[in-house]
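Colleague: Hi! Could you walk me through this structure, one piece at a time?
Modeller: Happy to, let's have a look together.

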Amino acid sequence: MLIADTGLPDPNQTDLTKQVTIVNAIYPGSFDPITYGHLDILERATNIFDKVYITIAVNTRKSTIFTPEERTALINESISSNPWANKVETHQFTGLLVDHARSLGVKTLIRGVRQFSDYEYEFRMALMNRKLDNDVDTVFLMPREELTFVSGSLVREIAYWGGELSHFVPDNVAAALTKKYR
Ligand code: PNS
């Protein structure tokens, strides 16, 4: 029902609850383990989207040091004290990302781009995903400059050699890495 002359919905006649659209997105990755770089992207995503599914790829051809369950627990522990944690759900998926997106009813993927060298791979993946499902688009976000060199593989290498991890990962992740490589 519209208010005469204004064209606006009459709040007394309109069920406003039916007009709410949840804008959601998937933030996929290996997260082996989650780093401050990932957390920075995740926080930025929660500033844009109502709901963000951080989604761990399982059974990819990459070998990982943490199991999917361990990676899930590390993510959940790392985000729990953040004010935006209620906008995030942690999931796992096997197979194609676009199939997982369809199963969640999500059309937007989020990927972090740290440096120009990331771009070629990310560009190809985004276009391939869109080819596989024309409804799916990828949004690229950039982390804080001081995190642009942080990656899961470098963090694992530092942990392997017993280096200082506190600049790159939260305490719970540093402890898990130290235990893994002990
Ligand atoms: O953190 P990563 O390892 O860069 O994440 C890559 C990931 C897991 C997002 C990507 O490899 C993926 O989506 N794998 C699932 C298979 C798939 O759908 N590939 C995309 C088609 S190009």
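**A chat about pockets and loops**

Modeller: By class, the lining of the largest pocket has 17 nonpolar, 16 polar and 9 charged residues. Keep in mind that this is a predicted model.

Colleague: Okay! How many residues line the largest pocket in total, and which lie nearest its centre?
Modeller: The lining has 42 residues, and Gly29, Ser30, Lys62, Arg111 and Tyr121 lie nearest the centre of the pocket.

Colleague: And what is the volume of the largest pocket?
Modeller: The volume comes to about 1200 Å³.

Colleague: How does one find such empty spaces?
Modeller: A probe the size of a water molecule is rolled over the atoms, and that shows where empty space is left.

Colleague: Nice. Which helix gives the largest share of the lining of the largest pocket?
Modeller: That is helix 4, with 9 residues. Helix 4 spans residues 116–132. At least two lining residues each come from strand 1 (24–29), helix 1 (36–48), strand 4 (108–112), helix 4 and helix 5 (152–160).

Colleague: Now the ligand. Where is it?
Modeller: The ligand takes up the space of the largest pocket. There are 13 residues around the ligand, and Ser30, Ala57, Lys62, Leu97 and Arg111 come nearest.

Colleague: Which helix supplies the largest share of that shell?
Modeller: Helix 4 again, with 4 residues of the shell around the ligand. By class, that shell has 7 nonpolar, 4 polar and 2 charged residues.

Colleague: What does the side chain of serine 30 do with the ligand?
Modeller: An N or O atom in the side chain of serine 30 is 2.5 Å from an oxygen atom of the ligand. For lysine 62, there is also a distance of 2.5 Å between a side-chain N or O atom and a ligand oxygen.

Colleague: And what about leucine 97?
Modeller: With leucine 97 the backbone is involved: one of its polar backbone atoms is 2.8 Å from an oxygen atom of the ligand. As for cover, the ligand has 550 Å² of accessible area on its own, and the protein covers 77% of that.

Colleague: Let's switch topic. How many cavities of 30 Å³ or more does the structure hold?
Modeller: It holds 1 of them. About 30 Å³ of space lies in the largest cavity.

Colleague: Which residues line the largest cavity?
Modeller: Leu97, Leu109, Arg111, Glu122, Met125, Ala126, Asn129 and Thr138 line it. Sorted by class, they are 4 nonpolar, 2 polar and 2 charged.

Colleague: Which elements do they come from?
Modeller: Strand 4 and helix 4 each supply at least two of the lining residues, and helix 4 gives the most, with 4 residues.

Colleague: One last topic, the backbone. Is the peptide bond from aspartate 32 to proline 33 cis or trans?
Modeller: That bond is cis, with omega near 5°. Proline 33 lies in the loop between strand 1 and helix 1.

Colleague: And is the phi of phenylalanine 31 positive or negative?
Modeller: Phenylalanine 31 has a positive phi, about 45°, although it is not a glycine. The loop between strand 1 and helix 1 is where phenylalanine 31 is placed.

Colleague: Why do you point those two out?
Modeller: Because most residues other than glycine have a negative phi, and most peptide bonds are trans.

Terms used. Residues numbered from 1 in each chain as written. Predicted model: local features only at pLDDT ≥ 70, side-chain atom pairs only at ≥ 80, totals over all residues. Heavy atoms only, no water. Near = heavy atom within 4 Å. Polar contact = N/O pair within 3.5 Å; in protein donor to acceptor, adjacent residues only side chain to side chain. Areas by Shrake-Rupley, 256 points an atom, 1.4 Å probe, with all protein chains shown as cover. 1 Å grid on protein atoms, 1.4 Å probe; cavity = no way out; pocket = protein on both sides within 12 Å on 5 of 7 lines; lining within 4 Å. Sits in = over half its atoms within 2 Å of the grid points. Nonpolar A, V, L, I, M, F, W, Y, C, P; charged D, E, K, R; others polar. Points joined across faces, edges and corners; volume = space filled by probe spheres on them.
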